[in-house]
Amino acid sequence: MSTLAPTDEPRAVGDTRRAGRWVFITATVMLMAWVLVPIYLLFVNTLSSPSEVSGFPKTGLPSFDFASVEFFLSFSGVARALWNSVVVAVLTMVLSIGIGAPAGYALSRFDFPGKEVFRMVVVMTRAFPLPLLALPLAVMFIRVGLDDTALGLAFVHTVLALPFAVLITFSLFSGIPIELEEAAWTLGCNRLQAFIKVVMPLILPGLVASAVFAFTISWNEVFAAAVLTIENRTLTAFLVQSLNVSPLHLKFAGGTALVVPALIFIFAVRKYLFAMWGIANR
Amino acid sequence: MAEIIIKQVAKSFGTFQALHSIDMTIRDREFMVLLGASGCGKTTLLRIIAGLETPSQGEVWIGGRRVDHLPPRERGIAMVFQNYAVFPHLTVFENIAFGLRMKKLPQQEIDKRVNRTAELMHIEQLLKRYSGQLSGGQRQRVAVARALAMEPDVILMDEPLSNLDALLRLEMRAELKGVLAESKSTAIYVTHDQVEAMSLADRISVMNGGKIVQNASPVEIYRDPAARFVGSFIGNPPMNFIKANRQDIGRWRVAGLDLYGPSHGASSLEFAIRPEDLTIGEGGFIATARVVEPLGAHTLVTCEVDGKPFRAVLDSDLKVAPGDVLTLIPKPDRIRWFDPETLLAV
């Protein structure tokens, strides 16, 4: 048509596709840099000598000096805090799978009134900011004697990890055809035996992944840990408290100590986390 | 002895009535096929017998024992599922042995039974494999072997062949028939495939809309359908139906022909004839050929009689072209009549 602007030439499909590729690559690189650069800096500074950390100019490369790490590990209270973190995280893991997996099974296998509402409410537990809940929680914990205990903190962390545990196990159970269970029932199993002999072996890898994810949530959590514990601080809470007043190289070492396990765990279970969000690559 | 008696079994899902008061007796060692279109309730009935579904009312008896309150494992049944349900984390051997281990049989007996059923189903070379390494047909064999190894009183099959390709289905069908005839089990087999039903069954129960429409031997179902639905559902091509008007007592006018029929009081009935029960000759229906499909042994001719489609299976020697006018004579002893009100045979 003659009314069209004469400069508006049709472009080859290849051109637009190439442009799209550039946007895609740029976005990917930026996203990766956003995550990876801080982690890289953390590692470099942890593995550099204290003088290098505060000195200038930077080389950007680690000198593999373990002085900061050694100092950090021998720092009084670190070992204890590390132990507390592990205890709380393991408790969280056990509790959230113990409560979450049956809920996930029920969601996937049974029709009951309010099922959709239940699914919403499970996720809703994450809608309340922890600072809002911390004070009443602390008061309540002091009343029942759960304050400053690993179990008390694990309860709070379980609440945080539970939605994920429920949703991951829900998708795991949904991936197991009901006929497998039914076949087991006709072959002489009761419900529990069928679950143990047929469903468990099939979902075990996914269940481990979801447990590890719960572990990581607890491991990384700092606010509740800082508010609800005093003597029995977890590593995060301990570091927040003591590193504020520590030299820079120690902060880096502490940061690394926190990041590394979480990174390893998440990397190990990434496949199942994708599955949970519906981008299954199984 | 594993006679199955079903007494007034009904099932509703919410407001949907899946089964309307079913009564049925399946004799010991009989091969019963439940046949019907999808959604007719045949699978629901099978699952109620298996104990995977609870009836809303009614009783199920197996071998003289009331079982409708018992879990599947206490009913003496084994089931073959449509999607095979072979356990993916166990080898073929362990799949077949699964139920035997639950029964806590001695290892020697387990070995014996697994090997025997595996041999019977021709899968003895697959015993160490996992289900992921098997083809659909092989999985089906494992599923059947697993059920047979239980030596159940009753073996229940839910469309076991429907996921196989046509050739394999034919082969498995014949094999199933042989294997089950040898076993001492009473068999109930659900299918929507009428050929499968005809070829396997001692008796067929045709189901429609949650009711049993007819329960008889395959030949009887084919020759003497008890209801219009059975005539139109069984047979490929299905029965032809033409409206018949009463002329006199026992005389009916059907598309221009005067025929002797039942002395029925209604003013109109439906005349029915199977396509293969028609011959070419003088004084029959005037039919205009529309589509001619040579099938080798026979030629299927879709004609028009009285403005309605009408199919005839004719000898393939006969030369028919679209547009030809044929006169088709129904074999008198093969004519059936249906009441258009009740849709039942007269």
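**A guided tour of chains A and B**

Begin by selecting residues 82-269 of chain A: this stretch is 81% helix and 0% strand, and its end C-alpha atoms are 22 Å apart. Helices (H or I, at least four residues) and strands (E, at least two) are DSSP runs, numbered from the N terminus. The model is a predicted one, in which local features need pLDDT of at least 70 and side-chain atom pairs count only at pLDDT 80 or more, while totals for chains, interfaces and linings use all residues. Residues are numbered from 1 along each chain as its sequence is written, chains are lettered from A and ligands numbered from 1 in the order in which they are written, and side-chain values use heavy atoms, with hydrogens and water left out.

An unreviewed UniProt entry places the feature "domain: ABC transmembrane type-1" at residues 82-269 of chain A. UniProt positions are given in the numbering used here, feature names are shortened, and annotations may be inferred rather than shown by experiment. The unreviewed entry also places the feature "transmembrane region" at several stretches of chain A, including 152-173 and 194-219. Select residues 152-173 of chain A, which are 100% helix with end C-alpha atoms 30 Å apart. Next take residues 194-219 of chain A, again 100% helix, where the end C-alpha atoms are 34 Å apart.

Now turn to chain B and colour domain 1 (4-226) and domain 2 (240-338) separately; these bounds come from an automatic or database domain assignment. The centres of the two domains of chain B, taken over C-alpha atoms, are separated by 39 Å. At their interface, 6 residues of domain 1 of chain B are in contact with 6 residues of domain 2 of chain B, contact meaning heavy atoms within 4.5 Å.

Zoom in on Arg223(B) and Asp277(B). They form a salt bridge whose closest N and O atoms are 3.6 Å apart. A salt bridge is a side-chain nitrogen of Lys or Arg within 4 Å of a carboxyl oxygen of Asp or Glu. Between domain 1 of chain B and domain 2 of chain B, the count is 2 salt bridges.

Finally, select Asp193(B), in the loop between strand 8 (186-191) and helix 6 (194-200) of chain B. A polar atom of the Asp193(B) side chain lies 2.9 Å from the backbone nitrogen of Val195(B). The Asp193(B) side chain also reaches the backbone nitrogen of Glu196(B), at 3.2 Å. Not counting residues up to four places away in sequence, Asp193(B) touches Leu35(B) and Arg169(B).

How values were computed
Polar contact = N/O pair within 3.5 Å; in protein donor to acceptor, adjacent residues only side chain to side chain.
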